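Student: Please take me closely through how one chain is put together. Then carry on from that part to whatever surrounds it.

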Amino acid sequence: MSIQTTEIEYAEHNETRFRMVRIFGRLIIYGLLFFWVFISLFPIFWTLTTSFKTAVDVTQGNIIPWVEFEPNWKGWRSLGLSPDSIWETSTVREEFLKRFANSIITSVGASSLAILIGSLAAYGLSRFQYRFGFMRNSDISFFFLSQLILPPVVLALPFLILYKELALLDTTLGLIFLYTLTVLPIVIWIMRDQFDTIPMELDEAAQVDGLSSWGAFFRVILPIALPGMVAAFILSLILTWNEYFFAALLTSSEAKTLPVMVASQTGSQGINWWSMAALSTAAILPLVIIGIALEKYIIKGMSAGSVK
Amino acid sequence: MNTPDATITEEFEIIPDRITDRRRRIGKWLMRGFFALFVGIFLIQSSYALGFTDFGFENWRPVLYGYLAWGVALGAGQVITRGEPGYRALFVLPAVLFVISVVIVPMLFGLAIAFTDYNLASFEGQKFNGFDNLVQLVQDDFFWNAMRNMVFYVAAVFVEYAIAFGLALLLNADIKARKFFRVAFLLPFMLSPVAVSWMIGKSLMENRFGPVARLARNLGWESPAFFTDPWIARLSIELMDAWVSIPFIMILLLAGLQAMPKDVIEAAKVDGANSWQNFWKITFPLMLPVSATAIVLRIIFKLKLADIVINVTSGGPGGATDTLSSFIFREYRDRSNVGYGTMIAIVYLITIIIFITLLLGFISKRMQKMT
């Protein structure tokens with residue numbers, strides 16, 4: 001009570017000053033927020049608008065569409081994706097669509113495989129006690145998570161030679177295996193966190209009802225853990241969709257993914273900005289859409305296990 | 001990493017399956033048989049590859065199939081010989097077999113080629129050259145240069161962390177349209193580093209027409225060039241990497257802020273502490289565990305930094321922006337030097353393991369002192 005009175009007195013004495021400080025604080029907060037929104041979104045906005053520019057707009061540095069320059073389909077036409085060229089045959093579009101399809105197959109394939117074996121392992125580690133030689137549960141968990149610190153370069157060159165011998169070089173399947181490995185620790189991390197929050201009583205109840213351990217997992221636990229799985233899946237999808245290093249080393253013509261295609265275009269000199277911008281836009285657009293639509297799951301996945 | 005306590009096994013009452021001796025024998029022979037098959041294929045193929053025998057396969061693929069078949073048989077064998085515990089083992093078995101085949105095997109293989117002069121461009125084939133690669137590495141200025149650059153990049157994580165903390169505090173403040181700001185702040189994280197290389201490195205920061213260069217000219221920098229001076233180039237690369245990954249740290253810290261006990265903060269407000277004191281006395285110490293997680297994870301990812309460097313500067317000017325990964329990438333791409341490249345990679349891995357272990361040890365020691 002006494003505290004409130006003092007507060008009111010204080011406020012009365014300094015009412016105007018207090019209000020000023022408050023408004024000023026608000027201004028700073030929103031100012032900083034919008035500043036960072038600008039930092040985050042301007043490069044995306046820039047890429048999107050540049051794909052509608054012509055050479056003059058690029059050299060003059062026009063930024064705002066319809067005000068400073070008239071949007072033009074030139075960049076998209078060079079990809080064969082503008083309204084007037086979409087029905088015509090275009091080798092660039094074919095190439096692009098092939099890379100796009102490769103990216104989808106590898107990222108979805110690797111994420112699914114990682115979710116499948118990762119969830120199983122995470123469930124096992126969260127529920128049962130294992131003993132494998134000297135390794136206990138915590139050691140097995142650590143074994144999986146420690147893969148996270150493995151930099152891709154360490155595996156890249158041995159894989160190059162191994163894949164050549166296994167006839168897996170430049171195949172989507174080979175890439176899927178490697179990508180699965182890169183996201184598996186993250187999936188196990190998220191899913192273990194998820195299963196640990198589901199009470200054991202549910203498993204026991206399911207087993208009393210006559211379900212086996214696998215039946216309990218699929219019928220009872222999995223539906224509850226589904227949001228966590230979605231989060232892990234989307235996070236894997238982002239990481240594998242954007243992966244460049246392995247793809248650049250291990251694919252050449254058949255299994256090349258979108259980032260490799262984008263990279264090979266940036267290497268060529270001469271500023272063909274509009275088509276580069278169109279290509280970059282097409283490469284980032286799927287994830288921008290996923291990011292906006294499924295932001296909740298991404299944040300859930302990223303913050304899993306960090307707060308206990 | 002908390003382990004489920006040991007009582008868990010007892011809570012589940014395992015009804016022992018009646019496993020007859022015959023069943024157990026069948027399971028054992030199944031596992032042994034397929035293991036023999038796998039080893040057999042491997043031996044046939046290796047003797048063929050080494051030129052001892054004429055009989056063999058076109059490539060090593062059959063060995064992979066043999067491994068897969070053995071994996072399946074191993075799983076089936078577990079269930080047949082052990083019943084319920086076998087079923088439980090099936091949960092982790094696929095992941096374990098998978099990781100062993102794609103990590104342990106290539107690592108051993110990598111160790112073997114690290115001590116050879118393996119070069120894809122040479123026709124003579126590889127031969128063992130002992131510690132030559134290691135000697136070459138110690139004398140390689142580019143290697144040490146890349147290592148020094150990594151120190152800079154890792155140190156920059158703390159700046160990223162400070163900015164991310166500020167953003168997390170902003171998002172956690174009493175603001176309207178929080179979801180919009182959160183999504184906008186998160187978006188850079190979704191973008192492919194390769195696309196970012198072009199979007200920022202090659203167009204926004206382009207010397208003549210890029211808006212950043214224009215801005216720099218307006219601010220009085222006569223002829224802005226972001227990738228010619230070593231320090232400016234390094235900073236530019238770091239800037240791009242920070243742009244992509246600050247959201248990652250920010251989300252972790254935001255989760256931490258939201259999980260913070262509200263009553264503590266309320267109590268502090270009543271005490272009349274201003275928000276600055278509040279932050280350093282309450283928020284920051286409470287956030288230390290989350291901060292440690294975020295920084296360690298971020299450092300781990302930072303140590304893999306390669307895509308942006310490869311695509312924007314390919315390590316230049318004069319190796320000023322090189323990371324270890326981009327350096328090895330070029331060692332392979334330009335010189336096909338697989339043996340030497342693998343040796344650098346393994347030395348790098350050992351360095352990372354030592355560094356991360358020391359870091360984790362340091363953090364857990366500090367944490368114990370705090371509490």
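**Domains of chain B**

Tutor: Four residues of domain 1 of chain B are in contact with five residues of domain 2 of chain B; contact requires C-beta atoms, placed from the backbone, within 7 Å. On the domain 1 side, three of the touching residues are nonpolar, one is polar and none is charged. Nonpolar covers Ala, Val, Leu, Ile, Met, Phe, Trp, Tyr, Cys and Pro; charged covers Asp, Glu, Lys and Arg; the others, Gly among them, are polar. This is a predicted model: local features need pLDDT of at least 70, side-chain atom pairs count only at pLDDT 80 or more, and totals for chains, interfaces and linings use all residues. Residues are numbered from 1 along each chain as its sequence is written, while chains are lettered from A and ligands numbered from 1 in written order.

Domain 1 runs over 7-114 and domain 2 over 135-370. These bounds come from an automatic or database domain assignment. The C-alpha centres of the two domains of chain B lie 41 Å apart.

Now chain A. Its contacts with chain B join 84 residues of chain A to 83 residues of chain B. Helix 2 (residues 15-50) of chain A gives the most to that side, with 12 residues. Helices here are DSSP runs of H or I, at least four residues, numbered from the N terminus. The chain A side divides into 60 nonpolar, 21 polar and three charged residues.

Back in chain B, look at helix 14 (residues 324-335). Its 12 residues should span 16 Å, and the end C-alpha atoms are 16 Å apart, which agrees. The expected span is 1.5 Å times one less than the number of residues. Just after helix 14 of chain B, Ser336(B) takes a positive phi of about 55 degrees.

Key. Contact = placed C-beta atoms within 7 Å. Helix = DSSP H or I, 4+ residues; strand = E, 2+ residues; numbered from the N terminus.
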